[in-house]
Amino acid sequence: MQDEDYMRQLSFGNDTALDTLVFRYHKPLYGYVYRLLKDEKLAEDIVQDTFMKIYQQGQKGYIPDSFKPWMYKIATNCCRDYWRKASTKKEYSTDRIVEGHGKIHHIIDRQLERQWMIDSLEQLSPDYRMVLYLRFYQDLQYAEIALALEIPLGTVKTWISRGLKQLEKILLEDERKGAGVNE
């Protein structure tokens with residue numbers, strides 16, 4: 001059954017339809033929100049809020065044309081609301097200690113590469129970061145990203161292109177400085 005069918009079931013009062021949607025999307029949605037917020041508890045709260053809004057919309061009879069981008073739109077808007085509220089007290093972790101000099105196991109190398117990439121992505125503006133996460137971590141198509149973020153398709157393409165260029169600059173600069181996994 002398609003996600004939209006579960007929304008239809010929800011609109012008919014079948015509350016268990018939400019369980020399937022939560023089962024399908026909790027983990028990828030949590031991963032997306034966590035990457036944006038860098039806070040486990042807050043990410044879990046936002047994911048819960050997102051599913052609560054999905055439930056409420058389903059109870060009202062709303063059935064989106066495409067569930068997945070709509071779900072990411074709700075989550076993204078929840079993140080934006082949080083950023084607006086917390087803009088004056090937003091804190092970033094600055095202690096990004098990379099361990100593992102000496103005999104580095106292959107798995108540790110991969111983890112460090114992943115952390116290096118995440119740290120580099122964190123240097124991008126929120127708009128570029130969101131489109132890159134949705135495209136490359138959540139595997140949404142450009143049109144789905146446009147729906148999720150409520151921006152034109154051309155803007156998605158531009159932000160991805162510019163985000164990738166900035167990311168490349170950051171990675172090259174880090175590599176030039178000797179940062180990252182090959183330190």
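**Helix contacts in a predicted model**

In H7, the residues Tyr-142, Ala-143, Ile-145 and Ala-146 meet Leu-153, Val-156, Lys-157 and Ile-160 of H8. Sorted by class, this contact of H7 with H8 comprises seven nonpolar residues, no polar residues and one charged residue. The model that shows this arrangement is a predicted one.

The geometry behind this contact may be considered next. Helix H7 covers residues 142-149 and helix H8 covers residues 153-177; the two pack with their axes 8 Å apart, at an angle of about 105°. Angles of 65 to 115 degrees count as roughly perpendicular, and H7 and H8 are therefore roughly perpendicular to each other.

The crossing in which H1 passes H3 is right-handed. On the H1 side, the contact is made by Met-7, Leu-10 and Ser-11, while H3 contributes Ile-54, Tyr-55, Gly-58 and Gln-59. By class, four nonpolar and three polar residues take part in the contact of H1 with H3, and no charged residues do.

The chain has a mean pLDDT of 84, and 81% of its residues reach 70 or more. Across residues 90-104, however, the pLDDT is below 50. This stretch, residues 90-104, has seven contacts in the model beyond near neighbours in sequence.

Definitions and conventions:
Residues are numbered from 1 along each chain as its sequence is written. This is a predicted model: local features need pLDDT of at least 70, side-chain atom pairs count only at pLDDT 80 or more; totals for chains, interfaces and linings use all residues. Side-chain values use heavy atoms; hydrogens and water are left out. A crossing is left-handed if the near helix is turned anticlockwise from the far one by less than a right angle, and right-handed if clockwise. Helices (H or I, at least four residues) and strands (E, at least two) are DSSP runs, numbered from the N terminus. Contact means heavy atoms within 4.5 Å. Ala, Val, Leu, Ile, Met, Phe, Trp, Tyr, Cys and Pro count as nonpolar, Asp, Glu, Lys and Arg as charged, and the others, Gly among them, as polar. pLDDT is the predictor's confidence in each residue, from 0 to 100. Axes are lines fitted to C-alpha atoms, for helices over the stretch in contact, and angles run from 0 to 180 degrees between N-to-C directions. Angles under 35 degrees count as roughly parallel, over 145 as roughly antiparallel, 65 to 115 as roughly perpendicular and the rest as oblique.
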